[in-house]
Number of protein chains: 2
Amino acid sequence: MSEIKYPNKIVKDNIIQFKKTTNQKKARLGADFEDMINESNKYYLNKNVAAIYKKPTPIQVVKTEYPKRSMSKITEAYYKTPSTTDYNGIYKGYYIDFEAKSCHSDSFPFSKIFSHQVDHLKMVHEMGGIAFLLIEFPNKNTIFYLPANLLLQEYEKMKNGGRKSIPYKFFEENAYLIKRTYNPQIDYLKCVDQIINSLQNITK
Amino acid sequence: MSEIKYPNKIVKDNIIQFKKTTNQKKARLGADFEDMINESNKYYLNKNVAAIYKKPTPIQVVKTEYPKRSMSKITEAYYKTPSTTDYNGIYKGYYIDFEAKSCHSDSFPFSKIFSHQVDHLKMVHEMGGIAFLLIEFPNKNTIFYLPANLLLQEYEKMKNGGRKSIPYKFFEENAYLIKRTYNPQIDYLKCVDQIINSLQNITK
């Protein structure tokens, strides 16, 4: 039995157990932030701009009942640790992959992201996909786009004894600030466009 | 209340209800076939060749209990209709997206795939991703790779009054036959390589 403690959750044998006092969805990610991203993805999809979806939350089904012949009802199940990130899809032919986090402190603690999720973003980045984090600081009313290479750079420093979180100042100085708009609410593909442009300039 | 009947399942209000007599996982896809694909994806991942994952099955959680302070237990939930396809990921910088189906008849009935899944594959294909179906015919002991453009072509014919299924002969004549190998068990990326080569010849 392995147990890892995170601020709002306990991971035991690959099953996430949330503290009773915290709303599950909100514990994982500010629900409003998640809704805004989902709405933005719907906007992109309807405009035929990109097909990016949130993956379903992985659930371990233990027991199923059949109250009616035609119906299956799950009666015992648990939340599982996600294998990868929350969002992926396609934009301008590029594979897009990201994780979204809502951060109520004044820095982004690495404990908010699983190490296998960082490994996944690294692999995507190295394979030519566009990988990043979207980080919301509700207290500051800001949203940042942090490219995977910057996340990986800071994560590597942490593993070598560096600081356990990325300070807010780092985001201000190095990440892309995403201004809230009406529709889409979080136009993060504008940042992806900048990344694509810089990639194309390198290959020219 | 909308209800659509499929051979092995009933879709009511976006909730899939399987018939009692069929094992759920097997009803959706031959479990062995799914396992073989998952094992192949693990092989690709471990060799740093591709990062392709099966999306978790979407589940609508209705009730959650907290038997212990640190534990959340789902006590009522239902399977939902998937929004997209089962598998996606990245290979050689390309966005990969596919659906896998096990087919016990001598043709592939279009009722086995949701129309919104066909729309999704179409969108991915048009955006420059590599979209396809993997279809197993266990009775014939064969597995085929059907590129999205061929699926879309036949689907279009069906919508215009054509046949309601793709006959086995069509697969033999038009799709790629995947020979079972030891490791990976289903080396479908070999077919993707052929697609990539033909794309690169077009752009040359």
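## Charged pairs, strands and turns

Author: In this predicted model, Lys42(B) forms a salt bridge with Glu39(B), and the closest N and O atoms of the pair are 3.6 Å apart. Side chains of opposite charge can pair when their charged atoms come close. Both residues belong to helix α2 (residues 31–46) of chain B; being three residues apart there, Lys42(B) and Glu39(B) are separated by about one helical turn. Glu39(B) is partly exposed, at 38% relative accessible area.

Glu126(B) forms a salt bridge with Lys122(B), with 3.6 Å between the closest N and O atoms. The two residues lie in helix α3 (residues 115–126) of chain B and are four residues apart, about one turn of the helix. Glu126(B) counts as exposed because its relative accessibility is 55%, and the cut-off for exposed is over 50%. Lys122(B), at 38%, is partly exposed.

Chain A supplies another case. Arg163(A) and Glu154(A) meet through their side chains in a salt bridge, 2.9 Å from N to O. Glu154(A) has 2% and counts as buried, because buried means under 20%. The pair belongs to a network of salt bridges that links Glu154(A), Lys157(A) and Arg163(A). Over all chains, the search of the whole structure finds 16 salt bridges.

All five of the five residues in strand β7 (residues 87–91) of chain B are buried, so the strand is largely enclosed by the rest of the structure. In a regular strand the side chains alternate between the two faces of the sheet. For β7(B), Tyr87(B), Gly89(B) and Tyr91(B) are on one side, Asn88(B) and Ile90(B) are on the other, and both faces are covered.

Which strands pair with β7(B)? One is strand β4 (residues 50–54) of chain B, joined to β7(B) over five bridges in the antiparallel sense. Here Ala50(B) has Tyr91(B) as its bridge partner in β7(B). Another is strand β8 (residues 94–102) of chain B, which runs antiparallel to β7(B) and is joined to it by five bridges. In that pairing, Tyr91(B) stands opposite Tyr94(B) in β8(B). Strands β7(B) and β8(B) form a hairpin with two residues between them, and Lys92(B) in the turn has a positive phi of about 50°.

Four strands form an open sheet in the order β5(A)-β6(A)-β6(B)-β5(B), with antiparallel pairing. Its edge strands are β5 (59–68) of chain A and β5 (59–65) of chain B, each of which pairs on one side only. Neighbouring strands in this sheet are turned against each other by 30° on average, direction ignored. Where the chains meet in the sheet, strand β6 (residues 71–79) of chain A and strand β6 (residues 73–79) of chain B pair in the antiparallel sense over two bridges. Ala77(A) has Ile74(B) as its bridge partner in β6(B).

A few backbone details remain. Most residues other than glycine have a negative phi, and most peptide bonds are trans. Against that background, Asn141(A) has a positive phi near 60°, and Asn141(B) has a positive phi of about 60°. Asn141(A) lies in the loop between β10 (130–137) and β11 (142–147) of chain A, and at 65% relative accessibility it counts as exposed. In chain B, Asn141(B) is found in the loop between β10 (130–137) and β11 (142–147). A cis peptide bond joins Asn183(A) and Pro184(A), with omega about 0°; another joins Asn183(B) and Pro184(B), with omega about 0°. Pro184(A) is in the loop between β13 (176–177) and α6 (189–203) of chain A, and Pro184(B) is in the loop between β13 (176–177) and α6 (189–203) of chain B.

Note on methods:
Residues are numbered from 1 along each chain as its sequence is written. Chains are lettered from A and ligands numbered from 1 in the order in which they are written. This is a predicted model: local features need pLDDT of at least 70, side-chain atom pairs count only at pLDDT 80 or more; totals for chains, interfaces and linings use all residues. Side-chain values use heavy atoms; hydrogens and water are left out. A salt bridge is a side-chain nitrogen of Lys or Arg within 4 Å of a carboxyl oxygen of Asp or Glu. Buried means under 20% relative accessible area, exposed over 50%, partly exposed in between (1.4 Å probe, protein chains only). Two strands pair if DSSP finds at least two bridges between them. Axes are lines fitted to C-alpha atoms, for helices over the stretch in contact, and angles run from 0 to 180 degrees between N-to-C directions.
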